[in-house]
Amino acid sequence: MRTADEVAKLIDKWKSEGRTKPEIITMTSEATLGWPYVWGAAGQYCTPAYRKQFANRSSCPEGESKLILSQCQVCSGKKSDCDGCKWYPKGKVRIFDCRGFTRWVMARVDITIAGGGATSQWNNSSNWAAKGDISTVPNQVCVLFWKDKKKAGVMAHTGLYLGNGQIIHCSGTVKRDTLSTKGWTNWAVPKGLEGDTPYPETKPTIKKGSTGPYVTECQNDLITLGYDLSPYGADGKFGTKTETAVKAFQKVSGLTADGIVGSKTWAALDAAVGPEPDPEPTPEPLLFTVTIPHLTGEQVADLLKKYPDAKAKEERG
């Protein structure tokens with residue numbers, strides 16, 4: 001686990017190298033892996049004083065308050081200082097809750113995400129250049145949200161999507177996760193990040209239980225190749241029917257028929273389906289010359305109104 005000072009020096013180094021915003025966001029979030037979750041925190045140092053401050057907030061749930069204090073060897077009375085604590089590797093680290101983590105990381109590249117919680121962040125239109133359902137998540141760095149199933153209009157959790165199915169979020173600690181994890185419902189691209197080039201696409205491994213756009217793509221490929229996925233079709237849900245079709249395709253392709261779509265199966269599907277055909281070129285319009293004798297100027301004007309692409313040329317015999 002890196003210290004806060006080590007991460008700050010790395011960020012300065014990446015900026016001096018001219019790294020892009022998505023690169024700095026990705027590397028910063030990876031550099032903070034293992035840093036602790038504290039309810040209400042947004043990047044403050046992990047110290048006994050700050051832990052007590054957040055634990056004693058009137059809005060802090062009782063269970064969270066006890067957890068904040070019990071995880072600190074000073075606050076819990078086990079020791080008089082931070083030496084030897086897992087949250088104190090060689091110096092201070094920082095503390096976050098989920099929305100505090102995304103906000104702090106984005107701020108390292110001068111992107112502001114306003115709002116005191118995940119719900120207020122999501123609802124603040126000034127934060128976002130684009131938003132959508134998780135089934136349409138773009139393959140680029142953005143923010144993910146998790147709707148509360150029991151409370152309408154409430155976002156229960158948030159994290160950072162790094163593209164290629166990879167997620168880093170703060171829950172217990174700053175940790176890795178994958179897009180296939182159940183719960184994520186929405187994505188949003190912050191303003192200031194929309195112009196950055198997404199990473200090259202690497203398709204994630206999918207298997208029975210997976211959902212989302214990559215499952216739909218796989219199903220469409222299988223249907224194109226003649227595999228039966230009725231009655232559900234390309235519904236974005238990797239069920240028994242899809243698994244059976246994948247195994248059958250893998251068997252005829254000389255692959256291990258395990259029903260798991262990894263890099264080799266994706267490559268085989270892409271090769272079997274082939275590239276999308278180039279669109280038919282738009283034919284050039286046919287042009288005709290029509291001679292109509294003895295028209296008056298008024299008649300010519302009427303014809304040009306009726307046929308706006310026509311041109312009139314006067315010829316005298």
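What covers the buried residues of H2? The model examined here is predicted, with local features requiring pLDDT of at least 70, side-chain atom pairs counted only at pLDDT 80 or more, and totals for chains, interfaces and linings using all residues. Residues are numbered from 1 along each chain as its sequence is written, and side-chain values use heavy atoms, with hydrogens and water left out.

The cover of the buried residues of H2 includes H1, helix H5 (98-107), strand S5 (155-163), strand S6 (166-171) and strand S7 (173-178). Helices (H or I, at least four residues) and strands (E, at least two) are DSSP runs numbered from the N terminus. Eight of the 11 residues of H2 are buried, so this helix is largely enclosed by the rest of the structure; buried denotes under 20% relative accessible area, exposed over 50% and partly exposed in between (1.4 Å probe, protein chains only). The buried residues are Pro22, Ile24, Ile25, Thr26, Met27, Thr28, Ser29 and Ala31.

The axes of helix H1 (residues 4-16) and helix H2 (residues 21-31) come within 10 Å and cross at roughly 165°. Axes are lines fitted to C-alpha atoms, for helices over the stretch in contact, and angles run from 0 to 180 degrees between N-to-C directions. H1 is therefore roughly antiparallel to H2, where angles under 35 degrees count as roughly parallel, over 145 as roughly antiparallel, 65 to 115 as roughly perpendicular and the rest as oblique. Val7, Ile11, Trp14 and Lys15 of H1 make the contact (heavy atoms within 4.5 Å) with Ile24, Met27, Thr28 and Ala31 of H2. These residues divide into six nonpolar, one polar and one charged; Ala, Val, Leu, Ile, Met, Phe, Trp, Tyr, Cys and Pro count as nonpolar, Asp, Glu, Lys and Arg as charged, and the others, Gly among them, as polar.

In H7, Tyr214, Glu217, Cys218, Asp221, Leu222 and Thr224 meet Trp266, Leu269, Asp270 and Val273 of H9. The residues of this contact comprise six nonpolar, one polar and three charged.

Beyond its neighbours within four places in sequence, Met106 is in contact with Ile25, Ile111, Ile113, Val141, Val143, Leu160, Pro190 and Leu193.
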